[in-house]
Amino acid sequence: MKKCLVVVASGVLLFVSASSGAGTVRIGQPVVQGDQVTIPVLLEGDVAGGVAALSFQLNYDPSALEPRQASPGAAAQSAGKDVMTNVKEPGTYMVVMAGLNNGTLASGEVTNIVLERRGDDVRRLPREAARR
């Protein structure tokens with residue numbers, strides 16, 4: 001029983017340390033192809049301390065866009081991490097990048113989020129990526 005508790009506690013600690021300011025998450029340049037908008041999400045800054053997991057939310061206009069998928073970027077793939085997502089509510093896309101390993105991320109692309117455009121207004125791209 002003690003071994004199980006240690007694993008859970010260390011997983012939580014890794015997640016907390018990653019979200020406590022070891023780096024900065026920002027949106028890269030969106031790429032529009034037809035009705036799809038691909039948003040690269042980048043990890044930048046001082047990540048030498050070891051970012052093993054991160055979470056953020058992408059806020060978007062639900063009348064203009066709908067999330068379709070998120071896939072690991074090059075930095076996440078190199079560290080053996082997966083990306084999990086959930087639409088918390090229309091306009092709020094929750095993204096978690098983590099793995100069942102102790103690998104840490106280098107600066108770079110952690111995920112690519114694909115959104116599908118609704119309607120004809122291409123100007124309504126995601127407004128912000130906020131770290132949580």
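View 1. Two strands are said to pair if DSSP finds at least two bridges between them, and strands here are DSSP runs (E, at least two residues), just as helices are DSSP runs (H or I, at least four residues), both numbered from the N terminus. In this predicted model, strand 6 (residues 82-89) and strand 7 (residues 92-98) run antiparallel and are joined by seven bridges. One of the residues to look for is Val 83, whose bridge partner in strand 7 is Met 97. The two strands form a hairpin with two residues between them, and Gly 91 in the turn has a positive phi of about 100 degrees.

**View 2. The protein chain and its confidence.** The protein chain holds two helices and nine strands, which follow one another from the N terminus in the order α-β-β-β-β-β-α-β-β-β-β. Its mean pLDDT, the predictor's confidence in each residue on a scale from 0 to 100, is 77, and 73% of the residues reach 70 or more. Among the elements, strand 5 (residues 65-72) has the highest mean pLDDT, 95, whereas helix 1 (residues 2-18) has the lowest, 28. Over residues 1-20 the pLDDT is below 50, and this stretch has 14 contacts in the model beyond near neighbours in sequence, a contact meaning heavy atoms within 4.5 Å. Residues 127-132 also stay under 50 in pLDDT, and the model gives them 26 contacts beyond four places in sequence. Where pLDDT is low, the predicted coordinates should not be read in detail.

Residues are numbered from 1 along each chain as its sequence is written. Local features need pLDDT of at least 70 and side-chain atom pairs count only at pLDDT 80 or more, while totals for chains, interfaces and linings use all residues, and side-chain values use heavy atoms, with hydrogens and water left out.

**View 3. The largest nonpolar core.** A nonpolar core is a set of buried Ala, Val, Leu, Ile, Met, Phe, Trp, Tyr and Cys residues joined through side-chain atoms within 4.5 Å, where buried means under 20% relative accessible area, exposed over 50% and partly exposed in between (1.4 Å probe, protein chains only). The largest such core has 25 residues, and those with the most contacts inside it are Leu 43, Leu 54, Phe 56, Tyr 93, Leu 105, Val 110 and Ile 113. At least two core residues each come from strand 3 (36-44), strand 4 (54-59), strand 5, helix 2 (74-78), strand 7 and strand 8 (108-117), and the largest share, four residues, is that of strand 3. Glu 44 has its place in strand 3, and it counts as partly exposed because its relative accessibility is 29%. The C-alpha atoms of Glu 44 and Val 25 are separated by 6.4 Å, although these residues lie 19 residues apart along the chain. Beyond residues up to four places away in sequence, Glu 44 touches Gly 23, Thr 24, Arg 26 and Ser 107. The side chains of Glu 44 and Arg 26 make a polar contact of 2.8 Å, which is a pair of N or O atoms within 3.5 Å; within protein, one must be able to donate a hydrogen and the other to accept it, and residues adjacent in sequence count only if both atoms are side-chain atoms.

**View 4. Gln 57 and Asn 59.** Gln 57 lies in strand 4 and counts as buried because its relative accessibility is 9%. The side chains of Gln 57 and Asn 59 are joined by a polar contact of 3.0 Å.
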